[in-house]
Amino acid sequence: MFSKLTKGLLAGSVAASALMVAGTASADGMVALLLPENVNPRWEQQDAAAFLATMAEIAPDVQVEVFNANNDTAMQQRQAEQALTQGAQVLVVIPIDGESSAIIADTAAEEGVPTIAY
């Protein structure tokens, strides 16, 4: 099991990667974090919380939107499309499965938005 330090370091690495992928973050920038489900409290209580805290520390002007797909691949794809419509500059996806995450990454790539899957 991951320690709090390991989870914090992972969230920090993903958050820093999100900023590097986006290039220069502006005050109107947005990063979307797409969670897979809410059965396991880890995703919202640990991963999302650590990601939000790290982003607030390293990029306080960047808005972070968190979506939870409730283990529904179609919902996760709709949430990714919603994030793109809202102007997300980076998608950070914790995929439900590889096939659906590839569709999300392809859709984002068509709009020039990088995707980080972890």
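Let us begin with strands β3, residues 90–93, and β4: they run parallel and are joined by three bridges. Within that pairing, Val 93 has Ala 117 of β4 as its bridge partner. Strands here are DSSP E runs of at least two residues, helices are H or I runs of at least four, and both are numbered from the N terminus. Two strands count as paired if DSSP finds at least two bridges between them.

The model is a predicted one, in which local features need pLDDT of at least 70 and side-chain atom pairs count only at pLDDT 80 or more, while totals for chains, interfaces and linings use all residues. Residues are numbered from 1 along each chain as its sequence is written, and side-chain values use heavy atoms, without hydrogens and water. The predictor's confidence in each residue, pLDDT, runs from 0 to 100; the chain averages 85, and 76% of the residues score at least 70.

To return to the sheet, four strands form an open, parallel arrangement in the order β2-β1-β3-β4. Strands β2 (63–68) and β4 (115–117) each have a single partner strand, so one side of each lacks a neighbour in the sheet.

I turn now to helix α3. Which residues of α3 are buried? They are Gln 76, Gln 79, Ala 80, Ala 83 and Leu 84, where buried means under 20% relative accessible area with a 1.4 Å probe, protein chains only (exposed is over 50%, partly exposed in between).
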